[in-house]
Amino acid sequence: MSVKAKKHLGQHFLTDENIARKIVEGLSFENYNKVMEVGPGMGVLTKYLLEKDQHIYLAEIDKESIEYLKNNYSKINEETFVGDFLKQDFQFTNGEQIAIIGNFPYNISSQILFQIIDHYELIPEMVGMFQKEVAERTAAVPRTKDYGILSVLVQAYYDTSYLFTVHENVFNPPPKVKSGVIRLTRNPKEGLAGNEILFKQIVKAGFNQRRKKLSNALKVLNIPEALKTHEFLDKRAEELSVTDFISFTQLWKENQ
């Protein structure tokens, strides 16, 4: 028995064992003893996770996959499953650190990343496969076409590495695009505490008119008088680093 891939769930099952092993080995397994896999499907990553000395949780909403995993892996039972990843409040972790891993459904890629950011204090690390374009945007650096809202919002909380590219032909069914595997490692950046909402507003407004200088793009937010001559306002959003955006947000808050 196998699980039928369901289009509405964005399922494409990885069939290459070497790639599955590489994805799992992308996690450090340091300073945490809990790992949540998102969308395990038929367990191509799960089998390697179960070899680790970790408490494994599975976020899966496909009932057919859940039955398959319970029937094929003796270490998996009803308590292993925690439901929809996007609806997690992480209460079950009891405040303990938990890493995230998965071959993520492409149709909810950005939502998965934002869910991780929203719970960054509990999630020290993530290794996951995304559509290649999303992976590249997440790991992009300033002054490149891929650098944008997603890059800045994720990198404000996590150091981001693009690990490797995965070809379409190692999936069943094959997706129409290549995939990319990235690692997020929580960083020690400070300065966002209490300023998260303003930070997101500035980043989004800046990149929503990315060809304009920030002096124009940020007008919608009513730039504080004291900042109207700041050097950053002569630049476009893609020219500012994540650290620049964080420090500019601090200044903005102080001068509101």
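This is a predicted model: local features need pLDDT of at least 70, side-chain atom pairs count only at pLDDT 80 or more; totals for chains, interfaces and linings use all residues.
How many strands form the open sheet, and in what order? Six strands form it, in the order 3-2-4-5-8-6.

Residues are numbered from 1 along each chain as its sequence is written, and side-chain values use heavy atoms, with hydrogens and water left out.

**View 1. The open sheet and its edges.** The pairing in this six-stranded sheet is mixed. Strand 3 (55–59) and strand 6 (158–166) are the edge strands, each pairing on one side only. Two strands pair if DSSP finds at least two bridges between them. Strands (E, at least two residues) and helices (H or I, at least four) are DSSP runs, numbered from the N terminus. On average, neighbouring strands of the sheet are turned by 20 degrees against each other, direction ignored.

**View 2. Strand 2 beside strand 4.** Strand 2 (residues 34–38) and strand 4 (residues 99–103) run parallel. Four bridges join them. Glutamate 37 stands opposite isoleucine 101 in strand 4.

**View 3. Two helices on the sheet.** Helix 1 (residues 17–25) packs on the sheet and touches strand 4, strand 5 (125–131), strand 6 and strand 8 (179–186). Contact means heavy atoms within 4.5 Å. The direction of helix 1 makes about 170 degrees with that of strand 6. Helix 4 (residues 109–118) lies across strand 2, strand 4, strand 5, strand 6 and strand 8. Helix 4 runs at about 170 degrees to strand 5. Angles run from 0 to 180 degrees between N-to-C directions, and axes are lines fitted to C-alpha atoms, for helices over the stretch in contact.

**View 4. Helix 7 crosses helix 9.** The axes of helix 7 (residues 196–208) and helix 9 (residues 242–254) come within 9 Å. They cross at roughly 115 degrees.

**View 5. Isoleucine 223 in its loop.** Isoleucine 223 sits in the loop between helix 8 (214–217) and helix 9. Is this residue buried or exposed? Isoleucine 223 counts as buried because its relative accessibility is 12%. Buried means under 20% relative accessible area, exposed over 50%, and partly exposed in between (1.4 Å probe, protein chains only). Leaving out residues up to four places away in sequence, isoleucine 223 touches Leu214, Ser215, Leu218, Lys228, Leu233 and Trp252. Isoleucine 202 is 21 residues apart from isoleucine 223 in sequence, and 10.0 Å apart in space, C-alpha to C-alpha.

**View 6. Annotated positions.** In an unreviewed UniProt entry, the annotation "binding site" covers His12, Leu14, Gly39, Glu60, Asp84 and Asn103. Such annotations may be inferred rather than shown by experiment. Glycine 39 is in the loop between strand 2 and helix 2 (46–49). With 26% relative accessibility, glycine 39 counts as partly exposed. Residues up to four places away aside, glycine 39 touches Ala59, Glu60 and Asn103. Aspartate 84 lies in the loop between helix 3 (63–72) and strand 4. Aspartate 84 is partly exposed, at 24% relative accessible area.
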